[in-house]
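Trainee: I would like to learn how to read the features of a protein model, going slowly from one kind of contact to the next. Could you take me through an example?

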Amino acid sequence: MLRKLIYAATIAYLVFMFTMTHLPKATVSEPVDAIGDKKLHLLAYAVLGFLLSLSLYSWGIRSFTGILWLMLLAGMCYAYLDEATQPTFGRDFELMDLVADYGGLLAGFTAFTIATLVLSFRSKTSSRESI
């Protein structure tokens, strides 16, 4: 049940991101200007990196290296596809957006790794206390 929820959240987030990044520039320029375009890319892809990592983990992959490479492959392909299709909708393909996207993926993986290690440490500590 939890696995299906994680997958659904990841897919819903991908659809949300694709929709938001393909809206006409005039529709989203004011909120984006307030935050900063590259910061928004970094944050959005950090969430994606976390969700993709969590999905891979729930799929049964336990190697952090394996999760990292698969997450980067999927996330970087998605980021490129996202940027490459934006000119069709009157938006610009920007190389620095991809750099921010890739940095966000790494930040999301880092957050996932830290959360996993902390939760693992806590569960081992609590099981030793009950002995």
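Predicted model: local features only at pLDDT ≥ 70, side-chain atom pairs only at ≥ 80, totals over all residues.

Trainee: Which residue forms a salt bridge with Asp37?

Mentor: The general idea is that side chains of opposite charge can pair when their charged atoms come close. In this structure Asp37 forms a salt bridge with Lys38, and the closest N and O atoms of the two are 2.9 Å apart. Lys38 is itself partly exposed, since its relative accessible area is 32%.

Trainee: How many salt bridges are counted in the model?

Mentor: The count comes to three salt bridges, and the one we have yet to discuss joins Lys38 to Asp97, with the closest N and O atoms 2.7 Å apart. Here too distant parts of the chain are linked, with Lys38 in helix 3 and Asp97 in helix 5, 59 residues apart. Asp97 has a relative accessibility of 3%, so Asp97 counts as buried. Taken together, Asp37, Lys38, Glu94 and Asp97 are linked in a network of salt bridges.

Trainee: Is His41 buried or exposed, and which residues does His41 touch?

Mentor: His41 is found in helix 3, which covers residues 37–58, and with 10% relative accessibility His41 counts as buried, because the limit for that word is under 20%. If we leave aside residues up to four places away in sequence, His41 touches Glu83, Asp97, Ala100 and Asp101. With Asp101 there is also a polar contact of 2.6 Å between the two side chains.

Trainee: What should I look at when two aromatic rings form a pair?

Mentor: A pair of aromatic rings is described by the distance of the centres and the angle of the planes. In this model the count comes to seven aromatic pairs. For Tyr45 and Tyr78, the ring centres are 6.3 Å apart and the planes stand at 45 degrees, so this pair is tilted. The pair links distant parts of the chain, with Tyr45 in helix 3 and Tyr78 in helix 4 (residues 64–85), 33 residues apart. Both Tyr45 and Tyr78 are buried.

Trainee: How are the rings of Tyr57 and Phe112 arranged?

Mentor: The centres of the Tyr57 and Phe112 rings are 5.8 Å apart and their planes are at 65 degrees, so the pair is edge-to-face. Tyr57 in helix 3 and Phe112 in helix 5 are 55 residues apart, and the pair links distant parts of the chain. Tyr57 is partly exposed, with a relative accessible area of 27%, whereas Phe112, at 2% relative accessibility, counts as buried. Both rings belong to one aromatic cluster, which is formed by Phe50, Tyr57, Phe64, Phe109 and Phe112.

Trainee: Which residues of that kind does Thr116 touch?

Mentor: Thr116 touches Tyr57 and Phe64, again without counting residues up to four places away in sequence. Thr116 has its place in helix 5 and counts as buried at 16% relative accessibility. Along the chain Thr116 and Tyr57 are 59 residues apart, and yet their C-alpha atoms are separated by 9.7 Å.

Trainee: Finally, which residues form a nonpolar patch on the surface?

Mentor: Leu95, Met96 and Val99 form that patch, and together they have about 310 Å² of accessible area. Val99 sits in helix 5, which covers residues 95–129, and at 45% relative accessibility Val99 counts as partly exposed.

Definitions and conventions:
Residues numbered from 1 in each chain as written. Heavy atoms only, no water. Helix = DSSP H or I, 4+ residues; strand = E, 2+ residues; numbered from the N terminus. Buried < 20%, exposed > 50% of the residue type's maximum accessible area, 1.4 Å probe, protein only. Polar contact = N/O pair within 3.5 Å; in protein donor to acceptor, adjacent residues only side chain to side chain. Contact = heavy atoms within 4.5 Å. Patch = residues over 30% accessible without salt bridge, like charges linked within 9 Å, V, L, I, M, F, W, Y side chains within 5 Å. Areas by Shrake-Rupley, 256 points an atom, 1.4 Å probe, with all protein chains shown as cover. Salt bridge = Lys/Arg side-chain N within 4 Å of Asp/Glu carboxyl O. Phe/Tyr/Trp six-rings, centres within 6.5 Å; stacked < 30°, edge-to-face > 60°.
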